[in-house]
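Here is a short report for someone meeting this structure for the first time. Please look over the sequence and the model before reading on.

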Amino acid sequence: MSIAENIAQVEEQIAAACRRAGRSRESVQLMAVSKTHPPQAILDAFAAGLRLFGENRVQEYAAKRDPLVAAGMFAPNSASVHCIGPLQSNKARRAVELFDAIDSVASLALTERLNDAAGQTGKKLHVLIEIKVSEEDSKHGLRPDAPELDRLLERMPDLHHLELRGLLTVPPFAEDLEEVRPYFRNLRTLRDSLTQRHPKLALEELSMGMSHDFSVAIEEGSTMVRIGTAIFGARPAA
Ligand SMILES: *Cc1c(COP(=O)(O)O)cnc(C)c1O
């Protein structure tokens with residue numbers, strides 16, 4: 001199937017999940033996760049109407065960006081690309097130059113660096129905090145009970161070059177989606193309690209749901225699903 005056909009199928013499934021959950025289709029954004037795929041795949045998805053993309057490595061995206069710029073993807077009010085992968089502090093400056101938002105913020109030190117870099121670049125950078133909802137070593141992010149999470153949220157209103165928009169998580173993989181559902185629900189509950197503790201913050205975005213579990217994520221309140229495989233096909237094994 002072509003990328004356009006894959007997108008049409010994903011769109012149908014998103015619409016169906018929204019109907020089941022009594023939500024409007026507009027309440028969920030579709031992010032195409034294009035990591036490991038060539039610029040042409042991104043251009044195909046753009047031609048099929050997608051405007052939001054996720055990449056997880058600074059260097060990889062830097063190497064792929066020129067053809068996208070040349071094709072006019074970044075004309076005003078056109079496409080945006082978010083960083084969704086773990087980011088080292090020493091890459092903060094480059095990431096701020098390349099990306100429209102950083103959805104994988106996971107430390108106070110990185111957040112301060114991003115704020116400084118955004119200030120130097122004259123950007124107001126949207127960010128999400130990545131939350132590690134499981135114990136798995138392979139997952140990134142701040143644990144829900146980490147003292148650093150509260151320190152970060154307290155600091156946020158003073159970081160004038162950043163706008164915190166919400167939370168992101170990657171739950172453990174399970175064939176049975178009912179095993180995944182509680183992790184999504186926990187992220188939403190965490191968002192609600194953090195909002196009560198930090199009323200100045202507007203944590204509207206819940207970035208959750210990938211190719212195999214996005215329907216359940218939408219039922220549990222996701223506002224942004226991150227879809228790679230179901231749009232672009234399988235990635236080469238890492
Ligand atoms: C790769 C990746 C995705 C997309 O995963 P698929 O299962 O291919 O849809 C989503 N989110 C993050 C953070 C990723 O690294």
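Predicted model: local features only at pLDDT ≥ 70, side-chain atom pairs only at ≥ 80, totals over all residues.

Residues are numbered from 1 along each chain as its sequence is written, and side-chain values use heavy atoms, with hydrogens and water left out.

Helices (H or I, at least four residues) and strands (E, at least two) are DSSP runs, numbered from the N terminus. Start with strand β4, residues 101–105. Of its 5 residues, 5 are buried. Buried means under 20% relative accessible area, exposed over 50%, and partly exposed in between (1.4 Å probe, protein chains only).

Two strands pair if DSSP finds at least two bridges between them. Strand β3 (residues 80–83) runs parallel to β4, and 2 bridges join them. Here C83 stands opposite I102. Strand β5 (residues 125–131) also pairs with β4 in the parallel sense, over 3 bridges. In β5, V127 is the bridge partner of I102.

How does the chain get from β4 to β5, and what is the hand of that crossover? The path goes through helix α5 (residues 108–121), and this β-α-β crossover is right-handed. Right-handed means that, with the strands pointing away from the viewer, the path from the first strand over the helix to the second runs clockwise. A right-handed β-α-β unit is also made by β3, helix α4 (residues 92–98) and β4.

**Two packed helices**

Two packed helices are described by the angle between their axes and the distance between the axes. Helix α5 packs against helix α6 (residues 147–155) at an angle of about 25°, with the axes 10 Å apart. Axes are lines fitted to C-alpha atoms, for helices over the stretch in contact, and angles run from 0 to 180 degrees between N-to-C directions. Angles under 35 degrees count as roughly parallel, over 145 as roughly antiparallel, 65 to 115 as roughly perpendicular and the rest as oblique. So α5 and α6 are roughly parallel to each other.

On the α5 side, the contact is made by L108, A109, T111 and E112; on the α6 side, by E148, R151, L152 and R155. Contact means heavy atoms within 4.5 Å.

**Single residues**

The table lists relative accessible areas.

| Residue | Relative accessible area | Class |
|---|---|---|
| T169 | 0% | buried |
| H37 | 9% | buried |
| T36 | 39% | partly exposed |
| R57 | 48% | partly exposed |
| N77 | 84% | exposed |

T169 lies in strand β6, residues 162–169. Leaving aside neighbours within four places in sequence, T169 is in contact with I131, V133, L187, S207, M208 and R226.

H37 sits in the loop between β1 (29–33) and α2 (39–47). Not counting residues up to four places away in sequence, H37 touches E60, K64, F232, G233, A234 and R235.

T36 is in the loop between β1 and α2. Most residues other than glycine have a negative phi. Phi of T36, however, is positive, near 75°. N77 has a positive phi too, near 60°. N77 is found in the loop between α3 and β3.

R57 belongs to the loop between β2 (52–55) and α3 (58–70). The C-alpha atoms of R57 and A95 are separated by 9.0 Å, while the two residues are 38 residues apart along the chain.
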